[in-house]
Amino acid sequence: MTATQSFGAHAFDLVARGMIVLHQLIADGKGDEPEADAVRDSLDAPLASMSKSERERARMLSGDLYSFTELKPDRVLMVANAEAQAGFQAIYNAKQRRQWDVTLDLIRKWQDYLPLVVLSYMRGSTWADAGKHEIASAFYAKAADIEPKGNYPALYLDSLNKSSPAKAKGVAEQVMKSPSSYSPPTVIQAAHVLATAARPLPANEARAIETQLIPVVEEAMKALERDKMQEPESYLMAALLIGSAYEHKGDTWAAYDYYSRGLRVEPQNDALLILRGMLMYGINPSAISDLETSVKMGSKTIWPYFFLAHHYLVSDRFDDCRKFCERAIELRASAPILSELLDWLSIAEAQLRFPAERVRRLFEDAICHDPHNDRAKKNLSIFNGLAGRHPSTELVWEKRTEPSIRAFGIAECDLNKLQLPQMSLSA
């Protein structure tokens, strides 16, 4: 579900954060201590700046947070009669319409019919869908505390990682100390948190962490397979995690196997199509099909356009090369990537008889973006040597080889910018 990021202004976020801290202090028996009073005092200014509707939203959130201590997991529930069932449907309908306040009000109306674990989950998922993961993680944490062996800890980790990656890393490390105590989706989500946290580290350190995760995630994948794939999103995340770990180790065929496993579950998963296409580029002709499928699906990631632009360049399909270069340039990219694309675009337009000054300017832009791009410099020299003559198809431009492009793309690809599988679990 698409989050509505405007739900709650900055002042509301500050108040919500303070309320979560305050209610935790109350739960710990510290509600009357100076620390709690300091938190209450810190809420005065943001509360004063909020609109009437947001103050009411904050007041209701406070009431919902009190449910952690006021409601007991084993309390007697009202019988879910036909009216209650209609109420549950109304909650679902409001959530589908992204009417967050209405959804939360309806959950409050029917809370006496809901176990505390389900009530906490429903509130957490509503705040998560609204884009408020810090609040969502507080409710998911309660659900996870009540049922630690279910999927609630995975949802908690997902929201926590989006709001406080450092805290999520600590929780994920605890999961990995005893993975058999948690559900496979929780183990996979913990591995995702740790792999994401490792990416900014030096390559050898990041690879060491990924390697340690492989056997644990493989076991979680096997468990999902035994359960008839009831959590496909978790399986896709696991396939991507292990595939990329093997890819970084240099084990191409193991990586290919795991990417393929994921694609057998969801044949049009964009991230897996791109990663498998990049991995197999210049090795297996099916790579082109993977990349073209990604493009047909409207991928917002630069890599399928980048690789296909190169493929069309070396195949002398210059108009296709030009089109894909232009599409790739529209997407965000680093200077070295833009330099490559501008160099290829220059070659394609030279072959297509575009005006000489335009082609020369493109070559110069390629060099400007990356002064170390010696191929662009050589190609500009070749172009200038034509002295206005049209280049023949036999003209030998300086072009990267397919293995070189594959290595370049794998090194430059940021997994965080791919459309990764999203956590969406049965509670």
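When I say buried, I mean under 20% relative accessible area, with exposed over 50% and partly exposed in between, using a 1.4 Å probe on protein chains only. Helices here are DSSP runs of H or I of at least four residues, numbered from the N terminus.

Okay, some housekeeping. This is a predicted model, so local features need pLDDT of at least 70 and side-chain atom pairs count only at pLDDT 80 or more, while totals for chains, interfaces and linings use all residues. Residues are numbered from 1 along each chain as its sequence is written, and side-chain values use heavy atoms, leaving out hydrogens and water.

Let's start with helix 19. It runs over residues 335–351, and 15 of its 17 residues are buried. After the helix comes Arg353, with a positive phi near 65 degrees.

Next, Ser125, which sits in helix 7, residues 116–129. Buried or exposed? Ser125 is buried, because its relative accessible area is 7%. Leaving aside residues up to four places away in sequence, Ser125 touches Lys95 and Tyr140, where contact means heavy atoms within 4.5 Å.

Now, holes. A cavity here is a set of points, on a 1 Å grid over the protein atoms alone, where a 1.4 Å probe fits but cannot get out; lining residues have an atom within 4 Å of a point. Points are joined across faces, edges and corners, and the volume is the space filled by probe spheres set on them. Searching the whole structure turns up one cavity of 30 Å³ or more. The largest cavity holds about 70 Å³ of space. Helix 12 (203–226) and helix 13 (232–249) are the elements giving two or more residues to its lining. Among the lining residues are Arg199, Glu210, Ser244 and Ala245.

Last, cysteines. A disulfide is a covalent bond between the sulfur atoms of two cysteines; the cut-off used is a pair of sulfur atoms within 2.5 Å. How many does the structure hold? Cys368 is exposed, at 61% relative accessibility, whereas Cys413 is buried, at 16%.

Note on methods:
Expected span 1.5 Å × (residues − 1). 1 Å grid on protein atoms, 1.4 Å probe; cavity = no way out; pocket = protein on both sides within 12 Å on 5 of 7 lines; lining within 4 Å.
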